[in-house]
Amino acid sequence: MITAQSANLSFSHGGADHPVLREISFQIEAESSCAIIGPSGCGKTSLLFLLAGLLQPDSGTITIAGQPRSGTILQNFGLFPWKTVYQNIGLGLVLKGVEKKRIQQKVEQLLIEMGLTGFGAHYPGQLSGGMQQRVAIARALAVEPQILFMDEPLSSLDALTRERLQNLIQEIRLKKNITMVLVTHAIEEAVFLGRRIIVLSGRPGRVLRIVDNPQAGSADYRQSDIFFHRCVELREILKGEDYGQET
Amino acid sequence: MGRKRDILLAALILLGIWEVSALLLNSMALPEPWMVLLDSAGKIANGSLLDDLAISCLRALLGIALALITAVPLGLMIGAEEGLRRRLSPFIYLLYPVPHVVLLPLIIILFGIGNFSKIFLIALIVFFQILVTTRDAAKNIHRNYFLAMQTLGASRLQIYRHVILPATLPKILTAMRISIGTAVAILFFVESFATTKGLGYIIMDSWGRADYVALYTGISCMAALGFGLYLLLDRVERKVCAWTQSD
Ligand SMILES: Nc1ncnc2c1ncn2[C@@H]1O[C@H](COP(=O)(O)OP(=O)(O)OP(=O)(O)O)[C@@H](O)[C@H]1O
Ligand SMILES: [Mg+2]
């Protein structure tokens with residue numbers, strides 16, 4: 001279980017404090033999934049960093065019960081161009097000092113799962129955007145995380161590839177009982193993947209609404225009326241937040 | 001390979017220009033290339049040139065190596081550790097523009113006129129070139145790579161090994177490319193006095209004796225030495241920076 005309690009965050013530049021997140025509170029149950037959505041620049045990445053422990057709140061608390069292993073996919077994947085696909089995926093295990101043999105098994109299994117067989121010796125620069133995103137997902141999964149933090153892992157993909165990868169993420173999440181926190185600015189993605197959807201306001205980000213979405217991830221959800229109505233509902237909430245009029 | 005053929009062709013054209021100039025000039029001061037080639041081959045075959053070639057090669061290599069093993073770690077640390085950078089950068093700022101060649105008398109007073117002084121001066125000059133490039137490269141590594149390492153739970157040492165060093169390596173090799181030219185130039189300078197061994201000595205000695213063929217043999221060997229180092233570096237680069245030539 002992940003709990004945020006009136007967390008605040010600001011960045012200071014030019015001597016002044018610029019608030020980025022204000023009084024953020026919510027809960028995410030273990031083995032559930034949560035989507036964070038909001039207009040561009042509202043502080044989604046910052047919020048994910050708080051949850052993943054890459055940043056500390058100025059006030060308020062972020063707690064994760066039971067210190068689970070976590071994996072994180074950064075907004076632009078954070079792959080290392082000087083490492084091959086194989087080395088990128090195995091890096092988390094290498095850093096933990098896992099023995100070579102086991103790393104090899106794990107990486108090869110992930111290459112198959114992610115449809116990357118035959119690309120282990122390629123460098124990220126030689127892959128398409130979609131393949132790079134799958135490498136980033138594989139790298140995060142390699143350490144067998146119990147929580148997966150993802151920052152717009154599917155942005156800049158065409159609609160069909162995007163849906164295919166959404167399905168893949170959903171499949172993996174169910175198979176491995178992973179708690180998932182997904183940042184996105186795409187409404188359909190939030191509705192398909194997030195059992196709970198946290199809607200942030202424009203900058204500084206406040207929680208505008210928390211929408212429950214129990215049908216998330218079910219087969220054919222995208223074609224259902226509930227899906228359609230929930231997307232409309234989110235669009236209504238987000239309307240007027242788009243360009244972050246609040247400063 | 002096309003590149004190899006092009007280089008060979010360029011070499012032949014340069015030799016042709018030399019030959020034509022020698023014929024036109026018809027002067028002792030510019031012997032024809034085949035005479036120089038014959039002289040070099042003869043001296044290498046009877047072993048009289050090998051010593052000089054070997055010692056010059058060794059001086060240049062050791063100088064570069066000494067610079068490399070000191071400048072790279074230091075440059076990486078100054079670039080990557082902010083505190084260190086703040087404290088040490090003013091010193092580099094003051095010391096870098098000094099023409100280090102003028103320290104020769106001091107070096108000879110300190111270390112005598114033996115090989116070490118020669119190697120030390122080459123190392124000193126190359127040191128600053130590599131130091132400054134390495135520092136700047138390490139300073140400009142994108143923040144994302146550090147975040148990605150943080151999400152994988154890397155230690156500081158692991159960050160050096162997996163991010164800071166590989167990210168700066170292409171720049172370091174470029175700096176070395178420039179350093180080779182400098183190193184050979186300084187080699188000539190330090191071999192032009194107080195020694196009876198080395199290609200620099202051969203050049204100065206045959207010049208003094210007005211033995212122009214021997215003079216050009218020395219010059220050609222010096223050029224070949226620089227070219228050889230260049231080729232070596234090419235090979236190293238293809239091995240350790242495979243990712244930069246992957247497109
Ligand atoms: N390290 C930092 N220093 C100063 N300001 C920052 C820093 N990181 C983010 N900000 C500011 O905080 C605000 C929120 O940034 P953040 O990246 O969290 O937004 P986001 O919702 O993820 O945006 P996007 O949709 O573009 O990914 C932005 O206005 C940004 O300029
Ligand atoms: Mg973001």
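The magnesium ion (ligand 2) is coordinated in this predicted model by T45(A) through OG1 and by Q75(A) through OE1, at 1.9 to 2.3 Å. Donors are N, O and S atoms within 2.8 Å of the metal, or 3.2 Å for Na, K and Ca. Water is not among the atoms, so sites may look incomplete. The two residues link distant parts of chain A, 30 residues apart. T45(A) sits in helix α1 (residues 44–52). Q75(A) sits in the loop between β5 (70–73) and α2 (85–95). Helices (H or I, at least four residues) and strands (E, at least two) are DSSP runs, numbered from the N terminus. T45(A) is partly exposed, with a relative accessible area of 23%. Q75(A) is also partly exposed, at 35%. Buried means under 20% relative accessible area, exposed over 50%, and partly exposed in between, with a 1.4 Å probe and protein chains only.

Residues are numbered from 1 along each chain as its sequence is written, and chains are lettered from A and ligands numbered from 1 in the order in which they are written. In this predicted model local features need pLDDT of at least 70, side-chain atom pairs count only at pLDDT 80 or more, and totals for chains, interfaces and linings use all residues, while side-chain values use heavy atoms, with hydrogens and water left out.

Seven of its nine residues are buried, so α1(A) is largely enclosed by the rest of the structure. The buried residues are K44(A), S46(A), L47(A), L48(A), F49(A), L50(A) and L51(A). G53(A) follows the helix, and its phi is positive, near 80°.

Strand β8 (residues 196–200) of chain A contains R196(A). R196(A) counts as buried, at 19% relative accessibility. Its contacts reach other parts of the sequence. Neighbours within four places in sequence are left aside here. R196(A) is then in contact with Q27(A), E29(A), S33(A), C34(A) and A35(A), and also with I210(A), V211(A) and D212(A). Contact means heavy atoms within 4.5 Å. R196(A) and E29(A) are 167 residues apart in sequence. Their C-alpha atoms are 9.5 Å apart in space.

Backbone geometry was considered next. Most residues other than glycine have a negative phi, and most peptide bonds are trans. The peptide bond from R203(A) to P204(A) is cis, with omega near -5°. P204(A) belongs to the loop between β8 and β9 (207–212) of chain A. E152(A) is not glycine, yet its phi is positive, near 45°. The loop between β6 (147–151) and α5 (159–176) of chain A holds E152(A). This residue is buried, with a relative accessible area of 7%. In chain B, N26(B) is a residue other than glycine with a positive phi, near 45°. N26(B) lies in the loop between α1 (2–25) and α2 (33–45) of chain B. N26(B) is exposed, with a relative accessible area of 67%.

Chain B has 10 helices and zero strands. Its C-alpha atoms fill a box of roughly 70 × 50 × 30 Å, taken along the principal axes. Of its 247 residues, 41% count as buried. Contacts in chain B between residues at least 6 apart in sequence were also examined. Of these, 72% join residues at least 24 apart. Chain B averages a pLDDT of 92, and 99% of its residues score at least 70. pLDDT is the predictor's confidence in each residue, from 0 to 100. The model scores ipTM 0.87 and pTM 0.87.

At the interface, 18 residues of chain B are in contact with 20 residues of chain A. The two chains bury about 1,800 Å² between them, 68% of it on carbon and sulfur atoms. Buried area is the accessible area (1.4 Å probe) that two parts lose on being put together, summed over both. The elements that give two or more residues to the side of chain B touching chain A are α7 (143–151) and α8 (156–191) of chain B. α7(B) gives the most to this side, with seven residues. Across this interface the rule finds zero salt bridges. A salt bridge is a side-chain nitrogen of Lys or Arg within 4 Å of a carboxyl oxygen of Asp or Glu.
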